[in-house]
Amino acid sequence: MKDSILIFGAGELQISIIQKVKDIGFQAIVIDPNKTAPAKTVADVFIQIAGDDFEQTLNVALQNNIKGVLTAATDHPILMMCRIAEVMKLNFPSYSSCETLLDKGKFKIFLNDNNFRHAKGKVFESIDDFDESSYSFPLIIKPVKNSGSRGVIKCESSSQFKLAVEESLQYCKDGHFIIEEFIEGDEISVEAIVYENIVHIIQITDKIITNPPYNVELGHSQPSKYSYKEDEIREILQKIVSLTKFNNSAIHPEFKINSLGEICIIEMGTRLGGDYITSDLTTLSTGVDIELLQILIATGQKINYKKMDLSSAISFFNFPEGTIINNYIDEKELLSRFPEIFRVNSNLKPNQKVKKITNSLERYGYLILQSNSLNKIIQSQTEIINFLHSKYLSND
C-alpha cells in the first residue's frame with residue numbers, strides 16, 4: 001500500500017499542502033466535517049468525519065498506512081492530531097504542549113508565570129464576573145476558541161463594554177471569552193519550524209489590520225520592518241518551546257511591538273500560518289518551502305534549507321463600504337498590466353454592493369505580489385488599487 005499522510009481540514013487554505021503531499025509521492029487522505037469542503041476534489045481520498053470523532057479518525061489512520069498527520073491555517077484539529085499521533089507513534093508535538101499553547105486562558109497563565117511580556121488578561125464565563133476597576137480601557141474582547149478574527153472586538157470605554165461582549169459571545173462556542181489589555185503598536189507574525197527542539201525562523205511578517213472595533217487582517221508583507229529583531233524573537237520562542245517541551249511542528253506566533261519597541265506576545269499557533277502566508281508569501285520571499293519542511297518533519301525525515309532575500313505581499317480587497325461593482329474584475333488583464341502580481345483572485349460580482357468587513361470570512365478577493373523590493377510592491381499595490389477604482393467601482 002502507498003504511504004499516506006492524514007490531513008485534517010479540506011478548506012481553501014489546506015489546498016496547497018494537500019497538493020504538495022501528493023506531489024512528493026504520498027497519498028493524501030483528507031478528513032473534514034464539511035462534506036462539500038473546497039479541497040475535497042484535490043484529495044486522493046476524502047472522508048467526512050466530525051471534528052470530535054476520535055474513534056473514526058483513528059480507524060482511518062490505522063487503515064491507511066498513515067506516516068504523518070498535517071494541517072494548516074487552523075487550530076481546531078490540533079489536539080485530535082496529538083492524540084492520533086501519540087497512538088500511532090508519529091512525529092508530532094505532545095498533547096500537553098499544544099494544550100498549553102492553544103488554550104488562550106492557559107497560555108496567558110503560562111506567560112505570566114514565566115515572566116513573558118504579553119497582553120495581560122483572563123478568561124470569563126459571565127459578564128458579571130468582570131471587575132472594571134481592575135482594567136484600563138481600551139480592551140480586547142475575543143472568544144477563547146475561534147478563528148478568522150470572528151468575535152475579536154476592541155472596546156474603547158465602559159459604555160461600549162456590554163455590547164462588545166454580547167457581539168463577541170455570538171462566536172463563542174462554549175460561552176467562554178477573554179478580556180485582555182490592548183497593546184498599541186505594530187502587529188507581526190513569525191513563520192517558523194521547531195525541529196529537534198530548535199526554533200528555526202524562516203520569515204517575519206508585517207500585518208495590516210482594519211480600523212477598530214474589528215481586528216481583521218487585510219494584508220501581509222515580507223520581510224518585516226522588524227526583521228532586525230529576529231534574534232530577540234528567536235530567544236523568546238526558544239524559551240517557550242523549551243518550557244512546554246513543544247517539538248516537531250511549524251509554529252505561527254503573533255506579536256505586537258509596543259511604543260517602546262518591546263516585543264509582546266499575543267498568541268501562538270502550533271501549525272502553519274493561514275492567509276496564504278506559508279503557502280505562498282514565505283516561499284516567494286525566502287525561497288524556502290515551509291510546507292515541505294512541515295511534511296518532512298511530520299514523516300520523520302531530515303530537513304535543510306537555504307534562504308533567499310526577496311519580497312512578497314498579499315493585499316485583500318477592501319473597497320469603501322457601499323461601493324458598487326460595475327463588472328467582473330479581469331484577472332488576466334491585471335496579470336499582464338502589473339508584472340509584480342503573482343496571483344489575483346476575486347469573487348466580486350457585477351452590481352454587488354461592498355459591505356463592511358468584520359471578519360476574515362467576509363473578505364472578497366486578494367492580490368499576491370512578488371518583487372526584489374518591498375518598496376516596489378507597495379508602489380504597485382497603490383497603482384493596482386487606483387486602477388481597480390477607476391475601471392470597476394462606482395459610488396452608490
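1. Accessible areas here come from the Shrake-Rupley method with a 1.4 Å probe, and for residues only the protein chains shown count as cover. On that basis the chain exposes about 18000 Å², and carbon and sulfur atoms supply 47% of it.

2. A word on the source: this is a predicted model, in which local features need pLDDT of at least 70, side-chain atom pairs count only at pLDDT 80 or more, and totals for chains, interfaces and linings use all residues. Residues are numbered from 1 along each chain as its sequence is written, and side-chain values use heavy atoms, leaving out hydrogens and water.

3. You will find 11 helices and 18 strands in the chain; helices (H or I, at least four residues) and strands (E, at least two) are DSSP runs, numbered from the N terminus. Of the 396 residues, 54% are buried (under 20% relative accessible area; exposed is over 50%, partly exposed in between, 1.4 Å probe, protein chains only).

4. Now to the salt bridges, 19 in total (a side-chain nitrogen of Lys or Arg within 4 Å of a carboxyl oxygen of Asp or Glu). One of them joins Lys20 to Asp289, with the closest N and O atoms 3.2 Å apart. Lys20 sits in helix H1 and Asp289 in the loop between helix H8 and helix H9, 269 residues apart. Lys20 is buried at 16% relative accessible area, whereas Asp289 is partly exposed at 22%.

5. Have a look at Glu180 and Lys142 too: their closest N and O atoms are 3.2 Å apart in a salt bridge. Glu180 lies in strand E8 and Lys142 in strand E6, so the pair ties together parts 38 residues apart in sequence.
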